[in-house]
Amino acid sequence: MELFKMVNLSVRFLLEICILIILGFWGLKTGQTPLMKFLLGLGSPLLFAVVWGTFLAPKSSLRLSEPWLFLAELVIFGLSGWALYSMGKTNLTIAFGSIYILNKILMILWRQ
């Protein structure tokens with residue numbers, strides 16, 4: 001059982017890395033000029049990393065308490081799914097959302 005819990009935490013980490021990639025790719029696709037592509041492509045993942053590290057990271061001194069933690073997490077994962085969908089990546093959006101939901105259910109059940 002401990003192995004499955006470790007795998008679930010690893011999946012969670014990979015989902016967080018995917019958010020960085022999704023937001024960076026979205027920024028590059030969304031910007032109209034090369035400067036805006038650069039700023040959005042770098043700025044949106046950086047903003048995510050700062051928000052996650054400040055308010056959602058397990059060892060953060062400013063970590064949100066429930067239910068705000070869950071709500072902020074839902075917003076971040078939802079925006080990432082929307083970014084994928086807005087780029088026309090419907091299958092990836094479904095896969096990303098499904099993996100997140102399964103991962104979150106297991107994290108709640110296993111109190112991770």
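Colleague: Where is Pro 67 placed?
Modeller: Pro 67 is in the loop between H2 and H3. Helices here are DSSP runs of H or I with at least four residues, strands are runs of E with at least two, and both are numbered from the N terminus.

Colleague: Handy. And what joins Glu 66 and Pro 67?
Modeller: A cis peptide bond, with omega at about 5 degrees. Bear in mind that this is a predicted model, where local features need pLDDT of at least 70 and side-chain atom pairs count only at pLDDT 80 or more, while totals for chains, interfaces and linings use all residues. Residues are numbered from 1 along each chain as its sequence is written, and side-chain values use heavy atoms, with hydrogens and water left out.

Colleague: Got it. How many helices and strands does the protein have?
Modeller: Four helices and zero strands. Read from the N terminus, the order is α-α-α-α.

Colleague: What does the C-alpha trace span?
Modeller: About 50 × 35 × 25 Å along the principal axes of the protein.

Colleague: On to packing, then. At what angle do the axes of H3 and H4 cross?
Modeller: Roughly 160 degrees, and the axes come within 8 Å. H3 covers residues 68-86 and H4 covers residues 90-109. The axes are lines fitted to C-alpha atoms, for helices over the stretch in contact, with angles running from 0 to 180 degrees between N-to-C directions.

Colleague: How are H3 and H4 oriented to each other?
Modeller: They are therefore roughly antiparallel. The labels go by angle: under 35 degrees is roughly parallel, over 145 roughly antiparallel, 65 to 115 roughly perpendicular, and the rest oblique.

Colleague: Which residues meet there?
Modeller: From H3, Phe 70, Glu 73, Leu 74, Phe 77, Ser 80, Gly 81, Leu 84 and Tyr 85. They meet Thr 90, Leu 92, Thr 93, Phe 96, Tyr 100 and Lys 104 in H4. Contact means heavy atoms within 4.5 Å.

Colleague: What about H1 and H4, how do their axes cross?
Modeller: At roughly 145 degrees, coming within 10 Å. On the H1 side the contact includes Asn 8, Leu 9, Val 11, Arg 12 and Leu 15. On the H4 side Phe 96, Ile 99, Tyr 100 and Asn 103 are among the residues involved.

Colleague: Switching to charges: how many salt bridges turn up in the whole structure?
Modeller: Four, taking a salt bridge as a side-chain nitrogen of Lys or Arg within 4 Å of a carboxyl oxygen of Asp or Glu. One of them pairs Lys 5 with Glu 2, whose closest N and O atoms are 3.9 Å apart.

Colleague: How far apart are Lys 5 and Glu 2 in helix H1?
Modeller: Three residues, so about one helical turn separates them in H1, residues 2-30.

Colleague: Last one: what is the phi of Arg 111?
Modeller: It is positive, about 50 degrees, although Arg 111 is not a glycine. You'll find Arg 111 in the segment after H4.
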